Amino acid sequence: MTRAIVLVLDSFGIGAAPDAERFGDAGADTLGHIAAACSRGECDGADRQGSLALPNLGRLGLFHAHRESTGAWAEGVERPAEVIGAYGHAGEISSGKDTPSGHWEIAGVPVRFDWGYFLDREESFPPELLAALIREGELPGVLGNCHASGTEIIARLGEQHMASGKPIVYTSADSVLQIAAHEESFGLARLHALCETARRLLEPYNIGRVIARPFVGQSAADFTRTANRRDYSVEPPAPTVLQKLCDDGGEVIAIGKIADIYAHCGVTRMLKASGHDALMDATLAALDEAGERSLVMTNFVDFDTLYGHRRDVTGYAAALEAFDARLPELLARLRDSDLLVITADHGCDPTWHGTDHTRERVPVLALGAGLAPGSLGARDTFADIGQSLAAHLGLPPMADGTSFIGFDPLAA
C-alpha cells in the first residue's frame, strides 16, 4: 500500500538561506538559536529544563541536517547514536518567505512571481480599498490600518472594536490582510463573510492571503484568539502534487490549515484541529484510515503563530520537545511502503528582530519508501519534496524539483 505523510513544522528553519541578506535575515537560525538559548539556561522554567532535547527528530537526522546547513552542530544537543532517516536541508526559490509560497513549493509549485505587499507601516492600506470594504461590509469604519502583531493589536484596540463595531484590519511584512473581530459582539459568520469580501476586493493587488482572526474575552486582560481562524488564499498558479493525486484518483487528507493554504485545491478530505496535540491526534486518526495512494498532510501552526512571531524562545523549545515526544506514536503506525517527510515552510527565528518570518533553509527528514539512512545533501528547492511525493505515489513528474526517492547517500 503506497501512502505518504507530510508534517510541516510551520516556521522551523535550520539556518539562513543563501539569499537571506536580501530579506534582512543573514544570520537567522531558528533551531540553532533556540538550542543555544536552552544550553545557556535561558529557557528553564516550569515546562522544561536544560538543553534542547529532541531525541526522535535527532534519530531522523535533524541535527545532522542542521550541521550541514550551518556548518556547526546545534549547541548543547545530544547527538544520536544512530540515524535511521534520510536527511537534508532545502533552500527556497520562491520569491517570498510567506506561508503559501513555502507550502506551494513543498508541493512542487514554486512562486516565481512577486506578491503584492502593503509596505507602509502606518496607514498601510489604500484608501479606496478600505472605502470599498467599509461600504460592501456595511461597516461603521475600521480600526488599525497598520503593521502589527495580532495579539498586540487585539489587546490595544479590542475594547474600542467592541464598543464601536469597527473591525481591526492590519498587515505585516507578508502578503496578507488580516481582520480581527470579536466572535460574539461582531459575529463569527459576519467576520468570515467580511474576509470573503476582502478576498474579492484584493484581486487587483495580488495579495496572497486574507486571514480571519476571531477572538473572545471582555477586556485587554483576557482577550484570546480562537481556533476559528480561516485563511483565504489565492489558488496555486499550477497544479500541485496534491491536485495531481486527486485528479488521478488518489486521496488527500488535509489537516489543520493545509486546505486553506492550498485554497482547497487538491483536497478530498479536510480535518480541522487546534493545538499541536489535537493536530497529532487527527494525523494519527487519518493515517489509520488512509488507503492506497493517500497523502496525509498536516501543518503544525503553533510553532509559528504562538512562538515564532511572538519571539517566545522558551515556548518554542517546549513545543518542539512536546512534538518530539509524540513522534513515536506516528512512527509506530508507519508501514514499510509509506513515505514520511518532516519539513518546514520558512523560518521564524524567535531570537530575531521584529516579528516577521526569517528566510531560512528548512529540514527535509524522510523515512520509508526504501530510502537508505544518511545525507540527502543540500536540496536546491523545497520542490524536491513534491517531486519525491510524485515519484512515490506513481504520478507523472512535476515541472520543478529533483526526487530523492532511490537516492543513495553512499554513491553521492
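1. A residue is buried at under 20% relative accessible area, exposed at over 50%, and partly exposed in between (1.4 Å probe, protein chains only). In helix α3 (residues 62–70), Leu-62, Phe-63, His-64, Ala-65, His-66 and Ser-69 are buried. Helices (H or I, at least four residues) and strands (E, at least two) are DSSP runs, numbered from the N terminus.

2. This is a predicted model: local features need pLDDT of at least 70, side-chain atom pairs count only at pLDDT 80 or more, and totals for chains, interfaces and linings use all residues. Residues are numbered from 1 along each chain as its sequence is written, and side-chain values use heavy atoms, with hydrogens and water left out.

3. What do the buried residues of α3 pack against? They pack against α1 (30–39), α2 (55–59), β2 and β13 (362–368). Gly-71 follows α3. The phi of Gly-71 is positive, near 90°.

4. Strand β2 (residues 86–90) runs parallel to β14, and 5 bridges join them. Two strands pair if DSSP finds at least two bridges between them. Gly-88 stands opposite Gly-377 in β14. Strand β14 (residues 374–379) has 5 of its 6 residues buried, so it is largely enclosed by the rest of the structure.

5. Now the whole chain. It has 13 helices and 14 strands. Of its 412 residues, 60% count as buried. The C-alpha trace spans about 65 × 50 × 40 Å along its principal axes.

6. Contact means heavy atoms within 4.5 Å. Among contacts in the chain with a separation of 6 or more, 69% come from residues 24 or more positions apart.
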